Amino acid sequence: MNGKVLTAATVAALSCLVSTVWAERPSEDATCEFPGGAYYKSNNTLYLESVNDENARIEILDTTKSCIDVNSSGEFNLVVERSTKLATNSTIVLPMNYSPKSSCIELYDPYAFTTNDEGVWNVFASNAPGNGVAHRALLMITDTQRKECQDIKEIEFTASGLQLVNEHTQAQLERELHNPKSGANDWALEGSYNFIRWDKDHADLGKVYGYAAKDKNKVQAGHFTKVGAGAYIPPMRAYLKYRGQTPLAKSVESIVELPETIDVTLVEEDGTTRLARWNTVTGEMVKVNGWYDLKGRKLNSKPQNKGMFIGNTNIQK
Amino acid sequence: MEKKEYKAPEMEIVDFEAQACLLAGSGVEQTNYVYDDELG
């Protein structure tokens, strides 16, 4: 029996070791290393780790920045290593300007969060065609309908303009979302360069929402969900937080009075929109309606130009 | 005397919240559920 236990332990340890060895990294020593990543001059690539580790964090000091700036002379390749494969919906925040190399990924920039006539909360996010800006948290939509997009753990970007990441950076990562109805910034999309866990006594618990990375009970990977005790987020991702400055503030201690459903409207470059509703209690996502233009007029069919729409739990092109 | 080997019953880790919901007389679907794992 002891032998079996030892064998199981060895297998587990080896699996752990294997999973932490990133296949894409060159075999030679890194040109420079820092907390949360490393840069290799040989392939002009910066590797950043967005992994499940309580101590995970990104720190980029002047020495790191100058090492990469000198060796890359402008653009460089960026690989963000995640320990869990990308679901249909996820988030990202990076300390540099970046552009996805794969057509599997599209970036959306949230800009408003308000209620409709029925009182349903709705996040509006516009297509950021191919570009992410340093320290700006974005939604990342992956076309998991395509086979080649279903197992992405190492996300590749072209990047430039690396910024410092230190103890003062966190304050720059909060994206306030304006509510045109209340005139206040009721919600914020908060990025983080540190690992965060919401334990049961965490002050923000009950006010935080995010995209699930894994299938768990009723919640499927990619669903927009209310965060419960024990949930966590690795570095370089973002979550939605209620700021409590409107009439909702009186009820922040009660989870049930915060919205259980939040719509996410994705606005394409040509003005067409897609709307899906995530039930943050059950994790269920349902297609609420079809295609709309910017003025809210319903279109008879899917627009002919390139775009996507959200079906029941899937994104389809 | 021949030694008899006894196999312990296999145990399964179950979700406490889900069990609590069922014990409370409601289906899991009807119980408020919040996600407690990795955010993407």
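Reader: What percentage of the 40 residues in chain B is buried?

Author: This is a predicted model. In chain B, buried residues make up 20% of the 40 residues. The chain has 1 helix and 0 strands.

Reader: How many residues of chain B are in contact with chain A?

Author: There are 13 of them, and they are in contact with 27 residues of chain A. Sorted by class, the side of chain B that touches chain A has 6 nonpolar, 5 charged and 2 polar residues.

Reader: Turning to chain A, in what order do the strands of the open sheet stand?

Author: The order of the 6 strands is β1-β2-β3-β4-β10-β6 in chain A, and the pairing is mixed. Neighbouring strands of this sheet are turned by 25° against each other on average, direction ignored.

Reader: Why is one side of β1 and of β6 in chain A left without a neighbour in the sheet?

Author: Strands β1 (32-34) and β6 (97-100) of chain A stand at the edges and each has a single partner strand, so one side of each lacks a neighbour in the sheet. For β1(A), 3 bridges pair it with β2 (residues 37-40) of chain A in the antiparallel sense. Within that region, Glu33(A) has Ala38(A) in β2(A) as its bridge partner.

Reader: Which helix packs on the sheet?

Author: Helix α2 (residues 62-72) of chain A does, touching β1, β2, β3 (45-50) and β4 (76-82) of chain A. The direction of α2 makes about 145° with that of β1(A).

Reader: How do the side chains along β10 of chain A point?

Author: In a regular strand the side chains alternate between the two faces of the sheet. In β10 (residues 154-160) of chain A, Ile155(A), Phe157(A) and Ala159(A) point to one face and are buried.

Reader: How many bridges join β4(A) to β10(A)?

Author: There are 6, and the two strands run antiparallel. Phe76(A) has Ala159(A) in β10(A) as its bridge partner. Strand β6(A) also pairs with β10(A) in the antiparallel sense, over 4 bridges, and Tyr98(A) stands opposite Ala159(A).

Reader: Which residues of the largest nonpolar core touch the most other members?

Author: In soluble globular proteins, nonpolar side chains tend to be buried together. Here the largest nonpolar core has 69 residues, and those touching the most other members are Leu46(A), Leu78(A), Ala125(A), Val227(A), Met236(A) and Tyr239(A). Leaving aside neighbours within four places in sequence, Met236(A) is in contact with residues including Leu48(A), Ile58(A), Val80(A), Ile92(A) and Tyr193(A).

Note on methods
Residues are numbered from 1 along each chain as its sequence is written. Chains are lettered from A and ligands numbered from 1 in the order in which they are written. This is a predicted model: local features need pLDDT of at least 70, side-chain atom pairs count only at pLDDT 80 or more; totals for chains, interfaces and linings use all residues. Two residues are in contact if their C-beta atoms, placed from the backbone, lie within 7 Å. Ala, Val, Leu, Ile, Met, Phe, Trp, Tyr, Cys and Pro count as nonpolar, Asp, Glu, Lys and Arg as charged, and the others, Gly among them, as polar. Two strands pair if DSSP finds at least two bridges between them. Axes are lines fitted to C-alpha atoms, for helices over the stretch in contact, and angles run from 0 to 180 degrees between N-to-C directions. A residue is buried if 20 or more other C-beta atoms lie within 10 Å of its own, exposed if 12 or fewer, and partly exposed in between; C-beta atoms are placed from the backbone. A nonpolar core is a set of buried Ala, Val, Leu, Ile, Met, Phe, Trp, Tyr and Cys residues joined through C-beta atoms within 7 Å.
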